[in-house]
Amino acid sequence: MQWIGLLTDKQKRAGYGLTQDEDFIYLWHGINGQVECIGIWEYESATIKEIREYTERHLTQSNR
């Protein structure tokens, strides 16, 4: 798996990151030393927009 940079700067600074393999894109969130996979998309059909929007919703809900 390799890290990819499709997220906004704000999302990266909030602890989010993406990895990919030949079939999927994985969204990770790390906080307080814990890293959790919080989303998975098929590589062939995923869009940057949907991944960023999903990440933003998660970020907003986490800050409540």
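**Chat about strands, a core and a buried glutamine**

Biologist: Which residue takes a positive phi in the hairpin of S3 and S4?
Modeller: That's Asn-32, with a phi near 55°, in a hairpin that has two residues between its strands. Keep in mind that this is a predicted model.

Biologist: OK, and how many bridges pair strand S3 with strand S4?
Modeller: Eight, in the antiparallel sense, with S3 covering residues 24-31 and S4 covering residues 34-42.

Biologist: What about S2 and S3, how do they pair?
Modeller: Antiparallel again, over five bridges. These two form a hairpin as well, with three residues between them. Thr-19, for instance, stands opposite Tyr-26 in S3.

Biologist: Is S2 mostly covered or mostly exposed?
Modeller: Mostly covered: five of its five residues are buried. Tyr-16, Leu-18 and Gln-20 point one way, while Gly-17 and Thr-19 point the other way.

Biologist: Which residues make up the largest nonpolar core?
Modeller: There are nine: Leu-7, Tyr-16, Leu-18, Ile-25, Leu-27, Ile-38, Trp-41, Ile-51 and Leu-59. In soluble globular proteins, nonpolar side chains do tend to be buried together.

Biologist: Leaving aside its neighbours within four places in sequence, what is Leu-7 in contact with?
Modeller: Quite a list, including Tyr-16, Leu-18, Leu-27 and Ile-51, and also Lys-12 and Thr-55.

Biologist: Switching topic: is Gln-11 buried or exposed?
Modeller: Buried, because its relative accessible area is 1%, and the cut-off for buried is under 20%. Gln-11 is in helix H1.

Biologist: Which side chain does a polar contact join to that of Gln-11?
Modeller: The one of Glu-56, at 3.3 Å. Beyond its neighbours within four places in sequence, Gln-11 is also in contact with Tyr-16, Arg-52 and Thr-55.

Biologist: And why does Gly-5 count as exposed?
Modeller: Because its relative accessibility is 54%, and exposed means over 50%. Gly-5 is in the loop between strand S1 (2-4) and helix H1 (9-13). Its C-alpha atom is separated by 23 Å from that of Asn-63, 58 residues apart along the chain.

Biologist: Last one: where in the chain is confidence lowest, and where is it highest?
Modeller: Lowest in S1, at a mean of 70, and highest in S4, at 96. The chain as a whole has a mean pLDDT of 92, and 94% of its residues reach 70 or more. Where pLDDT is low, the predicted coordinates should not be read in detail.

Conventions. Residues are numbered from 1 along each chain as its sequence is written. This is a predicted model: local features need pLDDT of at least 70, side-chain atom pairs count only at pLDDT 80 or more; totals for chains, interfaces and linings use all residues. Side-chain values use heavy atoms; hydrogens and water are left out. Helices (H or I, at least four residues) and strands (E, at least two) are DSSP runs, numbered from the N terminus. Buried means under 20% relative accessible area, exposed over 50%, partly exposed in between (1.4 Å probe, protein chains only). Two strands pair if DSSP finds at least two bridges between them. A polar contact is a pair of N or O atoms within 3.5 Å; within protein, one must be able to donate a hydrogen and the other to accept it, and residues adjacent in sequence count only if both atoms are side-chain atoms. Contact means heavy atoms within 4.5 Å. A nonpolar core is a set of buried Ala, Val, Leu, Ile, Met, Phe, Trp, Tyr and Cys residues joined through side-chain atoms within 4.5 Å. pLDDT is the predictor's confidence in each residue, from 0 to 100.
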